[in-house]
Amino acid sequence: MAAIEIFSSSVVYNYKSRIYSCASVVVFLLIALSFITPLFLIYNAGGIWMKNRMHAETPDVHFIYKYLLLAEFDAFKEPIVCSTFKTYKENNIKDHCILIKVQENDLNKDGQKDSLRFEAHFYTDKPVKSFRLLLFFNFQLKHLIQATIESIGVFDQMLSQEAQEIQFFGDLELRQKGLLHSEGLYETYNHSIELSDYSLPELLLYNFNRKFSARITNERVTWRTGFSSDKAVVVIGELFYVENFIYYQPSLWEELKWAWVQYLSCLLVFVYLTKHILVFLFTNRYLNTYIVRPWTNT
């Protein structure tokens, strides 16, 4: 009857040597190299520590019903002003708009607002040559950091033709200047911005220099040509709230979570190589040692 192999096991040889022998020095040196070499490789490949990371988040955005519209038709005359603010640097503001429409929409029905539609109607004797619109928003960040940020979306446009109706749209996003160095609660920007506290250039500069500030991107403008002073000029805009990327410096625990994966993946390779190098050196008697066989006591 033919015999079949049903089980196998390896024979283990123990190699012994004095602690100050050449064999011991070689073994300790190879073990040390197998632990240290992965660190050098990872360091030269970009470093084991992550200097920054990116977090994607769609803020909870709300229009806070504060706006300022400046429509200019003559460089030597006061512009048309539409605003919820009553004073500007201790000067009274007269609102020239006859109608303002504001509507925030939940486009995907997830319970969070996705866009803002703004519409302003006013009369003027001369066609508008340029307009500037400041819209005030609240951004709430909840995931990586907890912060409520009031900021201003600014839209500027020069018109090359006479227009009775001006339409614009774009994306509203939160711009970040600098890297966040800690997570948690940020109260720095949780306060209201009032036009009465600044001149317009000061307000725009203050908003621009903040660590978080709103900006309008992917702007598109269209208009219906022709002008009649008997009809109201209409400015219609729609802004879409988009996903933002928050850049931050990872915490120590987050860095360790990824550091050990990089180190362990390299370490396993060098441990495998070191083991096979030592097996080759000992089995071929390149290193002088005492061999202890499992079937003997010597």
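**Getting to know this predicted model**

Reader: In which strand of the chain is confidence lowest?

Author: This is a predicted model, and confidence in the chain is highest in strand 8 (residues 115-122), at 93. Where pLDDT is low, the predicted coordinates should not be read in detail. At the other end of the scale, with a mean of 55, confidence is lowest in strand 12 (residues 184-186).

Reader: How much accessible area does the nonpolar patch with I19 and F40 have together?

Author: This patch on the surface is formed by I19, Y20, F28, I31, F35, I36 and F40. I19 sits in the loop between strand 1 (14-16) and helix 1 (22-44), and I19 is exposed, with a relative accessible area of 56%. Together, the residues of the patch have an accessible area of about 810 Å².

Reader: Which residues of helix 2 are buried, and why do they line one face of the helix?

Author: An α-helix has 3.6 residues a turn, so residues three or four places apart point the same way. The face of helix 2 turned away from its buried side carries the exposed residues P201 and L205. The buried residues of helix 2 (residues 200-208) are L200, L203 and N207. Seen down the axis, these buried residues line one face because they fall within an arc of 60 degrees.

Reader: How many salt bridges does a search of the whole structure find?

Author: One of them joins K142 and D60, whose closest N and O atoms are 3.7 Å apart. K142 lies in the loop between strand 9 (130-141) and strand 10 (145-158), and D60 in strand 3 (residues 60-72), so this pair ties together parts 82 residues apart in sequence. The number of salt bridges found in the whole structure is six.

Reader: How far apart in sequence are the parts that K66 and E150 tie together?

Author: Side chains of opposite charge can pair when their charged atoms come close. The side chains of K66 and E150 meet in a salt bridge at 3.0 Å, N to O. K66 lies in strand 3 and E150 in strand 10, so the parts that this pair ties together are apart in sequence by 84 residues.

Reader: Is R224 buried, partly exposed or exposed?

Author: R224 and E165 meet through their side chains in a salt bridge (3.9 Å, N to O). R224 lies in strand 13 (residues 212-225) and E165 in strand 11 (residues 163-176), so the pair ties together parts 59 residues apart in sequence. With a relative accessibility of 47%, R224 counts as partly exposed.

Reader: Near what value is phi of K109?

Author: K109 lies in the loop between strand 7 (97-105) and strand 8, and K109 is exposed, with a relative accessible area of 70%. Its phi is positive, in a residue other than glycine, and is near 55 degrees.

Definitions and conventions. Residues numbered from 1 in each chain as written. Predicted model: local features only at pLDDT ≥ 70, side-chain atom pairs only at ≥ 80, totals over all residues. Heavy atoms only, no water. Patch = residues over 30% accessible without salt bridge, like charges linked within 9 Å, V, L, I, M, F, W, Y side chains within 5 Å. Areas by Shrake-Rupley, 256 points an atom, 1.4 Å probe, with all protein chains shown as cover. Salt bridge = Lys/Arg side-chain N within 4 Å of Asp/Glu carboxyl O. Helix = DSSP H or I, 4+ residues; strand = E, 2+ residues; numbered from the N terminus. Buried < 20%, exposed > 50% of the residue type's maximum accessible area, 1.4 Å probe, protein only. pLDDT = per-residue confidence, 0-100. Arc of directions from axis to C-beta.
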